[in-house]
Amino acid sequence: MAKPTTPEEWLRVLTRQADLDWARIAKLRSYVDGNAPMPEMSENTREAWVKFQRKSRTNWGNLIVEAVVSRIIPNGVTVGGSIDSPLAKQAQAIWTRNRMASVFRDWLRFGCTFRESYLTVWTDDDGKALIAADSPESMRVSVDPLQPWKVRAAVRWWRDVDAERDEAIVWMEGMRQKFFRDIGENSTKEAGLPVRLSQGQWTANGEAEEVDGLPPVIVYNNPGHAGEFEIHTDVIDRVNHGILERLTTSAMQAYRQRWLKKDKGVVLPDKDSKGNVIDYAKLFEPAPGIVWDLPAGIDLGESSVTEITGMLNASKDDIRHLGSATRTPLSWLLPDGANQTAEGANEARDGHVFKCSERLDEAEPGIEAALALALKTEGADLTDDVVVDVRFKPVDRVTLSEMYAAAAQASQAGESWQSIARNILGYSPEQIAQDNLDRAQERLTAMSFAPTPTEQPPTSEQPSGNGQAGPPRTQPAPVNA
């Protein structure tokens, strides 16, 4: 098949790819929104049993993804190494106006979940740059096979409920065009993302527009070409299945079987004194405060309690296996870490830090490229030697206790305060500049309140090195002499 050369051809190719990949995307979404597949299911499962099964599911996929996202935190923007140049101020304004701290987290979260995510640079009516994060649920791209960060074409789709139609925009090199299709009679008209994109008739919404360069889309490719838990869903299913077995056993124990044991010769009547049939199951119904008056020669038997400690330990072992496979600290998945050794905790933490560093290496160039593209969109003249730099907090030191413990050790080793603030505490360039001003102000304040040193009276002789008196000092003449 020849390479598409028009937006309409790219729309047909990319929407078909999105439809073919939709089952995988929907499955991964179910693991992060609390709707993972049931541990076990049958066609004739009663509704009450379905509700019981839902209680056995834990949102493990979301925990695994958030453990990564919480470690990668942007912390300041510079352009050409400056924080106060016009370009730097413009980049910082773009960051603030687009709430990029939140947009960046969504972009990274989508990438860690679905293996890919996208940043799109738009332009509002005032000519200002807008940056939005998208997932494969709403966008599909074609990239250069040899440069997977270089986008050749992209399609973004959404549903307009009020207009009762789906809309899409297609980018390719030097061109973009909008399309729409009416929502079919059998399709839901509720708000949400359209599916089966390759079906239905897409109609061009106006002529194709000429644009400069490649599509304004930045791709995040999760290392390993898989989501954080995508290749470990079987382990998650095993954990949920073990929890279901424990819950089922506990529930059945609450309704343990009971029976009546009769001595030989004892006969229980079938009817009472009024001729009504006796319902012994109802007569001996268990309830708080109920006392059963058993006839002579009748005893009550009850099934024994099932020990569930083994099931609890097995579930914990499966959760530890999941943490090891995904390099997620056990404290995220299993808060009770009493049985974990300090050495094991450190090794798990190191593995998680290395993983987060690898994700940061992929995300940092992407967010910098998006800001550079936004600056160019607003007319900024960026030469090749002007670098947009987004600073990040160190992934191995995010909490205050971690950062200040490392800072104290670095200070004892003789590292400068500027280096500690930049490399260990993760201060942004703005914070470092403000801290320098604050320190200068503190020194001036301390000097203004410091007592004036008193002049010491001079001595007539200074002892020499051999203990003998040296030559007398010349005393200044009195002023009124």
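Before starting, I noted that buried means under 20% relative accessible area. I also noted that this is a predicted model.

**Entry 1: Trp107**

I looked up Trp107 and found it in helix H6. Is Trp107 buried or exposed? Its relative accessibility is 0%, so Trp107 counts as buried. Next I checked what Trp107 touches, skipping residues up to four places away in sequence. The list includes Ser117, Tyr118, Leu119 and Ala133. I picked out Tyr220, which sits 113 residues from Trp107 along the chain. The C-alpha atoms of this pair are 7.8 Å apart.

**Entry 2: H2 and H6**

I stayed with H6, residues 100-114, and looked at how it meets H2, residues 22-30. Their axes come within 9 Å and cross at roughly 110°. I wrote down that H2 and H6 are therefore roughly perpendicular to each other. The crossing is right-handed. Which residues meet here? From H2 I listed Arg24, Ile25, Leu28 and Arg29, and from H6 Phe110, Thr113 and Phe114. Sorted by class, that contact has four nonpolar residues, one polar and two charged.

**Entry 3: H13 and H14**

Then I moved on to H13 (residues 417-424) and H14 (residues 429-449). These axes come within 11 Å and cross at roughly 145°. I noted a right-handed crossing for H13 and H14. On the H13 side, the contact uses Trp417, Gln418, Ala421 and Arg422. H14 brings Ile432, Asp435, Asn436 and Arg439. I counted classes again for H13 with H14: three nonpolar, two polar and three charged residues.

Notes:
Residues are numbered from 1 along each chain as its sequence is written. This is a predicted model: local features need pLDDT of at least 70, side-chain atom pairs count only at pLDDT 80 or more; totals for chains, interfaces and linings use all residues. Side-chain values use heavy atoms; hydrogens and water are left out. Axes are lines fitted to C-alpha atoms, for helices over the stretch in contact, and angles run from 0 to 180 degrees between N-to-C directions. Helices (H or I, at least four residues) and strands (E, at least two) are DSSP runs, numbered from the N terminus. Angles under 35 degrees count as roughly parallel, over 145 as roughly antiparallel, 65 to 115 as roughly perpendicular and the rest as oblique. A crossing is left-handed if the near helix is turned anticlockwise from the far one by less than a right angle, and right-handed if clockwise. Contact means heavy atoms within 4.5 Å. Ala, Val, Leu, Ile, Met, Phe, Trp, Tyr, Cys and Pro count as nonpolar, Asp, Glu, Lys and Arg as charged, and the others, Gly among them, as polar. Buried means under 20% relative accessible area, exposed over 50%, partly exposed in between (1.4 Å probe, protein chains only).
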